[in-house]
Amino acid sequence: MAEESGGNGQRQLHPLPRGLVELYGLLAVLFVLVPEWMAGGALFGFRDGRSGSDLPIPSSAWHRLPELRLAKLNLAQLRLLARSERLPGYAALSRDKLTARLLRRLRQREKPSQGRGKPL
């Protein structure tokens, strides 16, 4: 049956040999830390080889979709755009409401230009 040490029912834990503990430590360094160092060095090397922006080149969707164009603007830039679009009350609007109004305005502007080529 189960071997008990003492009357309180706790099991006696046997310590691992020192060599096994050192082996586990070495394996942890080899399997965890060394790959992290290698990945960090590789990423640092990629950054040095590039010139210019760290961000990827925007795809054509960034130029086509007004939602994406407005998403990259900060609040001050959105307000400048609203001013140039002559939106009334733009200064008191939150970012979400301002973006929604600008999207409506930009879509209204795009609709007439799409319909110009069609006969009435």
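**Exercise 1. The chain as a whole**

What share of the contacts in the chain with a separation of 6 or more is accounted for by residues 24 or more positions apart? Describe also the helices, the surface and the confidence of the model.

*Solution.* Step 1. Residues 24 or more positions apart account for 27% of these contacts, where a contact means heavy atoms within 4.5 Å.

Step 2. The model is a predicted one, in which local features need pLDDT of at least 70, side-chain atom pairs count only at pLDDT 80 or more, and totals for chains, interfaces and linings use all residues. Residues are numbered from 1 along each chain as its sequence is written, and side-chain values use heavy atoms, with hydrogens and water left out.

Step 3. The chain has five helices and zero strands, in the order α-α-α-α-α along the sequence. Helices (H or I, at least four residues) and strands (E, at least two) are DSSP runs, numbered from the N terminus.

Step 4. Of the 120 residues in the chain, 11% are buried. Buried means under 20% relative accessible area, exposed means over 50%, and partly exposed lies in between (1.4 Å probe, protein chains only). The accessible surface of the chain is about 10600 Å², and carbon and sulfur atoms hold 61% of this area. Accessible areas come from the Shrake-Rupley method with a 1.4 Å probe; for residues, only the protein chains shown count as cover.

Step 5. The mean pLDDT of the chain is 78, and 76% of the residues score at least 70; pLDDT is the predictor's confidence in each residue, from 0 to 100. Confidence is lowest in helix α2 (residues 60-64), with a mean of 72, and highest in α4, with 90.

**Exercise 2. The nonpolar core**

Which residues make up the largest nonpolar core, and which helix gives the most to this core?

*Solution.* Step 1. A nonpolar core is a set of buried Ala, Val, Leu, Ile, Met, Phe, Trp, Tyr and Cys residues joined through side-chain atoms within 4.5 Å.

Step 2. The largest nonpolar core has nine residues in all: L70, L78, A82, L87, L93, L98, L102, L103 and L106. Helices α4 and α5 each supply at least two residues of this core, and α5 gives the most, with four residues.

Step 3. Leaving aside residues up to four places away in sequence, L70 touches L78, L81, R95, T99, L102, L103 and L106.

**Exercise 3. The salt bridges**

How many salt bridges does a search of the whole structure find? State where the partners lie and how far they are exposed.

*Solution.* Step 1. The search finds three salt bridges. A salt bridge is a side-chain nitrogen of Lys or Arg within 4 Å of a carboxyl oxygen of Asp or Glu.

Step 2. One of them joins the side chains of R18 and E22 at 3.3 Å, N to O. Both residues lie in helix α1 (residues 18-49), four residues apart, about one turn of the helix. R18 counts as exposed because its relative accessibility is 66%, whereas E22, at 47%, is partly exposed.

Step 3. R107 and E67 form another salt bridge, with their closest N and O atoms 2.0 Å apart. R107 lies in helix α5 and E67 in helix α3 (residues 66-71), so the pair ties together parts that are 40 residues apart in sequence. R107 is partly exposed at 37%, and E67 is partly exposed at 31%.

Step 4. A further salt bridge joins the side chains of E85 and R109 at 2.0 Å, N to O. This pair links distant parts of the chain, 24 residues apart: E85 is in the loop between α4 and α5, and R109 is in helix α5. R109 is partly exposed, with 46% relative accessibility.

**Exercise 4. Neighbours in one loop**

Is E85 buried or exposed, and is R86 buried or exposed? Describe the setting of each residue.

*Solution.* Step 1. E85 lies in the loop between α4 (75-84) and α5 (95-115). E85 counts as buried because its relative accessibility is 14%. Apart from residues up to four places away in sequence, E85 touches L102, R105, L106 and R109.

Step 2. R86 is also found in the loop between α4 and α5. R86 is exposed, with a relative accessible area of 70%.

Step 3. The phi of R86 is near 60 degrees, a positive value in a residue other than glycine. Most residues other than glycine have a negative phi.
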